[in-house]
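Please examine the sequence and the model shown below.

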Amino acid sequence: SSGINAEYGGWGGVSSRAVDGKESGRYSSNTCTHTNGPGWWSVDLGDNYVVEKIWIRNRVDCCSERLDGVQVYVGDILCGTIEYNPLKYSYELACGEGLVGDSVKIANNKTHLTLCEVKVYGNGTPVVVSTDKEVVGNKSSTADDAQSLATCPMGYVVTYCEAQSGLVHTKCDGAF
């Protein structure tokens, strides 16, 4: 499900329009959201997923500069900030190696927020969430029966861990 903060949803621009599968970009096509001033839009993903990128279709018939500085979050973690380009009508924000969350939130703290379509990309497999900051991985190799251990910031995805010379070395983008 999707939502716009409660007091907004101006000019009939209800939140569900951003996920209706239509990419028109013209407000008159009844496929864009709209807030009554600064505000946010969010979608509940229904479970925790690794979000790799988020694609946003901007409005094309007016006011496309309003998207400048808009912040995009996966859960409570910032994926990226849109830098307006007058030659672009869609934006793709890559979330590094991926961020784990159960929602995506797009916020404009300066002016009206209008989104004409939002697509969230990832591998589609729910992620088991741990509240620990340590993640125990698979054994490092068949010749070594020690487990790999990664200690990483909350909200990120472990990319890999490796053991060399009997010591555990970690390289990771984090763990959630």
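**A guided reading of the model**

Asn-58, Arg-59, Cys-63, Arg-66, Leu-67, His-112, Leu-113 and Thr-114 line the largest cavity. A cavity is defined on a 1 Å grid over the protein atoms alone as a set of points where a 1.4 Å probe fits but cannot get out, and lining residues have an atom within 4 Å of a point. The model is a predicted one, in which local features need pLDDT of at least 70 and side-chain atom pairs count only at pLDDT 80 or more, while totals for chains, interfaces and linings use all residues. Residues are numbered from 1 along each chain as its sequence is written, and side-chain values use heavy atoms, with hydrogens and water left out.

The structure holds 1 cavity of 30 Å³ or more. The space in the largest cavity comes to about 30 Å³, a volume being the space filled by probe spheres set on grid points that are joined across faces, edges and corners. Its lining divides into 3 nonpolar, 3 polar and 2 charged residues. In this division Ala, Val, Leu, Ile, Met, Phe, Trp, Tyr, Cys and Pro count as nonpolar, Asp, Glu, Lys and Arg as charged, and the others, Gly among them, as polar.

Arg-59, one of the lining residues, also takes part in a salt bridge with Asp-61, at 2.6 Å from N to O. A salt bridge is here a side-chain nitrogen of Lys or Arg within 4 Å of a carboxyl oxygen of Asp or Glu. Arg-59 counts as buried because its relative accessibility is 12%, whereas Asp-61, at 32%, counts as partly exposed. The terms refer to relative accessible area: buried is under 20%, exposed is over 50%, and partly exposed lies in between (1.4 Å probe, protein chains only).

How many salt bridges are there by this rule? The count comes to 3. Another joins the side chains of Glu-23 and Lys-119, at 2.5 Å from N to O. Glu-23 lies in the loop between strand E1 (2-4) and strand E2 (38-57), and Lys-119 in strand E6 (residues 117-122), so this pair ties together parts that are 96 residues apart in sequence. Strands (E, at least two residues) are DSSP runs, numbered from the N terminus. Lys-53 forms a salt bridge with Glu-92, the closest N and O atoms being 3.6 Å apart. Since Lys-53 lies in strand E2 and Glu-92 in strand E5 (residues 90-112), the pair ties together parts that are 39 residues apart in sequence.

Attention now turns to strand E3. In a regular strand the side chains alternate between the two faces of the sheet. E3 pairs with strand E4 (residues 77-81) in the antiparallel sense over 4 bridges; two strands pair if DSSP finds at least two bridges between them. Tyr-73 has Leu-78 in E4 as its bridge partner. The two strands E3 and E4 form a hairpin with 2 residues between them, and Gly-75 in the turn has a positive phi of about 60°. E3 also runs antiparallel to E5, joined by 4 bridges, and Gln-71 stands opposite Ala-107 in E5.

Finally, Thr-31 is found in the loop between E1 and E2. With 1% relative accessibility, Thr-31 counts as buried. Its side chain makes a polar contact with the side chain of Asp-20 at 2.7 Å. A polar contact is a pair of N or O atoms within 3.5 Å; within protein, one must be able to donate a hydrogen and the other to accept it, and residues adjacent in sequence count only if both atoms are side-chain atoms.

Key
1 Å grid on protein atoms, 1.4 Å probe; cavity = no way out; pocket = protein on both sides within 12 Å on 5 of 7 lines; lining within 4 Å.
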